[in-house]
Amino acid sequence: MSARRVRTSRAGKTATRPLLAAGSTAVLALTLLGCSGSTGAGSGDGPGDGPGEASGAPESAGPAPTIDLNVRRGASGVPVDTRVTASARNGELKAVEITSPAGDLAGALEGTRFTAADLLEPGTTYRVRAVALGAEGERTVLRSRFSTADLTLDQQTYASVAPLDGETVGVGMPVAVTFDRPVTDRAAFEQHLEVTSTPAQRGSWHWLSDSEVHWRPKAYWQPGTRVQVDLGINGVAAGNGIYGQESRSLSFRVGDAHIYRVDGRSHQMKVFANGELLRTIPVTLGKEGFTTRSGTKVIMGKDETRRMSSETVGIAAGSADAYDIDDVRWAMRLTTSGEFIHAAPWSVGSQGRDNVSHGCTGLSTEDAGWLYELSRRGDVVEYTGTDRQMTLDNGYGDWNVDFAQYRRGSALR
């Protein structure tokens, strides 16, 4: 990410979840209890009889059902990765309500067991009300309260995702997730990361580092595909005392198949859309010492104008190869190391003949403008003809290994 995002703790979130998720055999309608927002652990409830168990008085003379909760009544400092469950003995659960100032906790209720759908928020007091009925109508009500451990922002990791929700991208676009705190328990997190698509396409996650994981399909996306990304990491332990800060969901669409093929020997770019050759464009690539990388690159972003300075790629100011240009037109980034496609009117005489750039792909202003308008993030640029290879971790370099090797980067392989 660029600048660090300023945010409040998760306990301050105001989003409200549905009160109760029904199980596969029943749909229940419940009335929410009010919540005072008190942070005193267990006040007004009294001590529990033991870990996870508390029973109300039955309202008939028959065998009384009992309700067990896996969090002790009045407990404080409950870990946020706790999944609340309740179960009934000598009867069935009929209703479970879990409320808090941070939002109500939904779940699945099936017969004698309730399982919360989500993990917990930090620094929050939860109130529980559960109702069980015995075989002859005996009714037991459990009321309990507990509070969770508070977490600082340094103990939480937030996920940033590309593409953006609602974006239309090219067929080479990976799902790129970056975390602002390292994830050392990769397997635990990856179990909660999901990508689905219509039509369905096989793919895999690949960890580039403890702070970045990508997902790509086995082959380029099919044009027109709709993709759903769900990161259910809220409260999930990331390792070393860090927890997921917030779950994320987004969807995006894949547009036409734009694939551009650049040959460093012929100094030409062939522009294809859905398999049709639209234009052949003369280009110049990197000169000796600044060789453009061969391999598959993906457009990462676009700027109508961009300042380009040699100091950002390690060329010292004042050297023979130094440059600092304020208004480079039609720039499209291909690598994090600094390769772009852009207008280079100063090299038109060399385009189609020689490689004279510092690694970028230079086009005439007219051709660069035309290509810029055609292109979107995720479009594919395939380079051949140079002796320097593209790498997997340089931008969206996900297509520079075969799928079998890519899958080996999953923590769940």
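User: In β21, which residue is the bridge partner of Arg261?

Analyst: This is a predicted model, in which local features need pLDDT of at least 70, side-chain atom pairs count only at pLDDT 80 or more, and totals for chains, interfaces and linings use all residues. Residues are numbered from 1 along each chain as its sequence is written, and side-chain values use heavy atoms, with hydrogens and water left out. Strands β20 (residues 258-263) and β21 (residues 268-273) run antiparallel and are joined by six bridges; strands are DSSP runs (E, at least two residues) numbered from the N terminus, and two of them pair if DSSP finds at least two bridges between them. The partner of Arg261 in β21 is Lys270.

User: Why is strand β7 largely enclosed by the rest of the structure?

Analyst: Buried means under 20% relative accessible area, exposed over 50%, and partly exposed in between (1.4 Å probe, protein chains only). Strand β7 spans residues 125-133, and it is largely enclosed because the buried residues number seven of the nine.

User: Which residue of β7 stands opposite Glu92?

Analyst: Strand β4 (residues 92-99) pairs with β7 in the antiparallel sense over seven bridges. Opposite Glu92, the residue in β7 is Leu133.

User: Which residue in the turn between β7 and β8 has a positive phi?

Analyst: β7 and strand β8 (residues 139-147) run antiparallel, joined by nine bridges, and Arg127 stands opposite Arg145 in β8. The two strands form a hairpin with five residues between them. The residue with a positive phi, about 90°, is Gly137.

User: What percentage of the residues in the protein chain is buried?

Analyst: The protein chain contains three helices and 28 strands. Among its contacts with a separation of 6 or more, 68% are between residues 24 or more positions apart. Of the 413 residues, the buried share is 49%.

Terms used: Helix = DSSP H or I, 4+ residues; strand = E, 2+ residues; numbered from the N terminus. Contact = heavy atoms within 4.5 Å.
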